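Please examine the model displayed below before reading on. The account that follows is an explanation in running paragraphs.

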Amino acid sequence: MKIRTLILAACLILTLGIWLPAAAGRPVRIAYLQADIHQLASWVAMEKGFYRAQGLEVKVAGIFKAGPEEMSAFAAGELDMGYVGEAPATVAVANHAARVQACAQVNTEGSAIVVAAGSPIKTVAQLAGKTVAVPGHSTVQDFLLKKALSQAGLAADKVKIIVLKPPEMIGALRTGQIDAFIAWEPYPAKAQTMKVGRVLIASGRIWKDHPCCILAVDQRFLKARPQAVKKMVKAHVQATDFINRHPQQALKIGMKYTGMDADTVRLAMKNVNYTYRLSVDGERQYVEFLSRLGYIKVKDSRAFVAGFLNTKILEELTGK
Amino acid sequence: MTPRRYALPLAVVALWQGLSWAGLIPAYKLPSPLAIAQGLVDLVLVGMPPGHRLPSHLFYSLYRVAWGFFLAALLGVPLGLLMGWSRPLRQLVTPLVELVRPVPPLAWIPISILWFGIGIKSAAFIIFLGAFFPILLNTIAGVRSVNPTLPEAARTLGARERDIVLKVLLPGSVPSIFVGLRIGLGIGWMTLVAAEFTGVRSGYGLGYMIMTARDIQRADEIMAGMGVIGITGLLIDWGLRVLQRRLLPWK
């Protein structure tokens with residue numbers, strides 16, 4: 001009797017195991033960037049069970065060190081949705097590597113150019129002839145640095161731009177291997193609390209309200225499971241509202257995922273604006289500037305933006 | 001140089017191009033040979049990142065490899081000769097060599113950056129690690145392959161130890177040393193690209209160029225860069241073989 005029940009139970013579990021995921025769809029494969037406080041909403045949605053509340057099963061399929069790497073994973077078909085910078089996503093789509101759309105904003109602002117604490121550099125123009133680290137070519141930060149330089153009247157080739165992964169930047173700044181870096185929060189905040197660096201300029205002063213990270217969706221996934229995408233966006237909106245309403249609780253989640261102390265994460269969050277509203281004008285600026293840099297070739301930026309930003313899902317959800 | 005030698009590569013390229021045209025190979029996964037050729041043209045004319053052109057990338061990479069390889073040969077050949085010649089020295093040093101040798105040069109990258117910073121020194125160090133051990137081991141093997149009666153005969157004829165090393169053991173092991181140099185340079189060249197992945201100060205280097213092309217999602221330029229690395233490696237090896245034939249006509 002006991003054995004028969006056990007066998008029956010085992011069979012049931014096995015069949016369920018095979019059938020249930022197919023029926024409910026396999027888990028949504030998502031990705032985010034390592035310790036990027038911009039993407040706090042993805043961590044909040046996981047920790048607070050917002051995905052689960054939507055009936056979604058989510059699997060973290062990748063944690064990346066920079067946006068271009070995450071876009072390569074999209075190109076390889078390894079991801080369904082991901083939190084990623086708007087610039088690398090734009091470049092990947094324009095260069096026909098990945099087919100994704102932005103279905104929600106994640107944050108605006110939230111990066112900074114940091115110089116050594118005792119550095120004599122006081123203005124962006126004084127970066128002439130110096131070595132500045134960026135997290136990667138075609139990242140939001142690469143874009144912001146070049147924008148800041150052009151605003152200061154400096155040609156991009158007047159500054160030595162090198163690629164370093166953000167976790168290595170503070171060490172490189174401390175040992176004098178670089179004169180400055182630009183990175184997403186919490187690295188600028190960490191450099192300050194460690195007393196290694198000082199913010200030269202916050203990215204909101206380079207370009208006010210500049211779009212930064214987006215929630216990207218693979219077009220094939222959107223076509224196959226539009227309802228799941230809608231639920232993901234809903235959870236994202238919920239998580240974003242949660243961060244703005246309960247910053248103290250969000251702070252704790254940020255500390256858990258970045259592994260950094262309360263002071264650093266608090267300072268970092270101050271520099272980030274959490275929002276889910278997509279900006280058409282912001283994306284057009286990205287497209288035009290990236291084209292000017294020679295990273296992409298887009299003839300009709302207006303048409304590209306219309307194809308890249310998917311505002312429909314948000315409109316349906318928020319009624320705006 | 002028979003046409004048959006080129007038949008297979010040409011057939012593969014033609015088939016590849018055909019499949020790409022037919023839409024069976026998606027361009028974002030594997031660009032067609034023609035797209036890669038266009039990527040190569042872009043690398044030369046536009047550069048990656050834009051403004052950083054291919055010849056400079058190639059030059060910086062060769063410069064780094066030259067340094068690393070030169071240091072490896074400078075240290076590896078004399079040490080190999082001494083270790084081949086002296087049994088106590090060999091017994092003393094071999095355990096250390098065998099301990100360090102299996103560590104992949106790339107595993108040294110974080111330490112190398114810590115010790116030497118980002119730049120020519122750390123890149124040269126990584127290449128040195130790749131090139132050193134093949135040179136050392138082949139030199140030792142070369143010395144030990146010299147017919148033991150030769151140094152004995154030299155000794156009975158009144159030769160000094162110094163002369164035995166330089167005039168008997170060295171010439172006798174040159175063919176093997178050359179093998180070591182060729183393998184060492186090959187491994188050094190392979191290591192270089194990965195060493196440049198971790199960041200270079202100058203903004204130039206073939207590995208750095210490929211990483212940048214990856215950041216900007218240009219698979220055609222990645223493949224073109226790989227082609228340049230392969231062909232350069234082939235040319236370097238060919239150069240060493242020509243040199244070997246000149247220096248060792250009897251081989």
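Residues are numbered from 1 along each chain as its sequence is written, and chains are lettered from A and ligands numbered from 1 in the order in which they are written.

The confidence figures come first. The pLDDT is the predictor's confidence in each residue, from 0 to 100. Chain A has a mean pLDDT of 90, with 92% of its residues at 70 or more. Residues 18-23 of chain A, however, have pLDDT below 50, and beyond near neighbours in sequence this stretch has one contact in the model; two residues are in contact if their C-beta atoms, placed from the backbone, lie within 7 Å. Where pLDDT is low, the predicted coordinates should not be read in detail. For chain B the mean pLDDT is 89, and 98% of its residues reach 70 or more. The scores of the model are ipTM 0.71 and pTM 0.79.

Chain A is divided into domain 1 (25-108 + 210-318) and domain 2 (111-206), bounds that come from an automatic or database domain assignment. A distance of 24 Å separates the C-alpha centres of domain 1 and domain 2 of chain A. Their contact takes 29 residues from domain 1 of chain A and 20 residues from domain 2 of chain A. On the side of domain 1 of chain A that touches domain 2 of chain A, helix 4, helix 5, helix 13 (262-270) and helix 14 (280-293) of chain A each supply at least two residues. Helix 13 of chain A gives the most to that side, with five residues. By class, the side of domain 1 of chain A that touches domain 2 of chain A comprises 18 nonpolar, seven polar and four charged residues. Here Ala, Val, Leu, Ile, Met, Phe, Trp, Tyr, Cys and Pro count as nonpolar, Asp, Glu, Lys and Arg as charged, and the others, Gly among them, as polar.

The strands of chain A may be considered next. Helices (H or I, at least four residues) and strands (E, at least two) are DSSP runs, numbered from the N terminus, and two strands pair if DSSP finds at least two bridges between them. A residue is buried if 20 or more other C-beta atoms lie within 10 Å of its own, exposed if 12 or fewer, and partly exposed in between, with C-beta atoms placed from the backbone. Strand 1 (residues 28-33) of chain A is mostly covered, five of its six residues being buried. Six bridges pair strand 1 of chain A with strand 2 (residues 58-64) of chain A in the parallel sense; within this pairing, Phe64(A) of strand 2 is the bridge partner of Leu33(A). Strand 1 of chain A also runs parallel to strand 3 (residues 81-85) of chain A, to which two bridges join it, and Ala31(A) stands opposite Gly82(A) in strand 3 of chain A.

How many residues of strand 4 (residues 100-105) of chain A are buried? Six of the six are, so strand 4 of chain A is largely enclosed by the rest of the structure. Five bridges connect strand 4 of chain A to strand 11 (residues 213-218) of chain A, and the two run antiparallel. Gln105(A) stands opposite Ile214(A) in strand 11 of chain A.

Val163(A) belongs to strand 8 of chain A. Val163(A) is buried, with 24 other C-beta atoms within 10 Å. The C-alpha atoms of Val163(A) and Val134(A) are separated by 5.1 Å, although the two are 29 residues apart along the chain.

Chain B has ten helices and zero strands. Its C-alpha trace spans about 75 × 50 × 30 Å along the principal axes. Of the 251 residues in chain B, 40% are buried.

The contact between the chains takes 23 residues from chain A and 19 residues from chain B. Helix 4 (67-75), helix 5 (86-94) and strand 8 (160-163) of chain A each supply at least two residues of the side of chain A that touches chain B.

Finally, the largest nonpolar core has 169 residues; such a core is a set of buried Ala, Val, Leu, Ile, Met, Phe, Trp, Tyr and Cys residues joined through C-beta atoms within 7 Å. Helix 6 (residues 120-145) of chain B gives the most to this core, with 15 residues.

Methods
This is a predicted model: local features need pLDDT of at least 70, side-chain atom pairs count only at pLDDT 80 or more; totals for chains, interfaces and linings use all residues.
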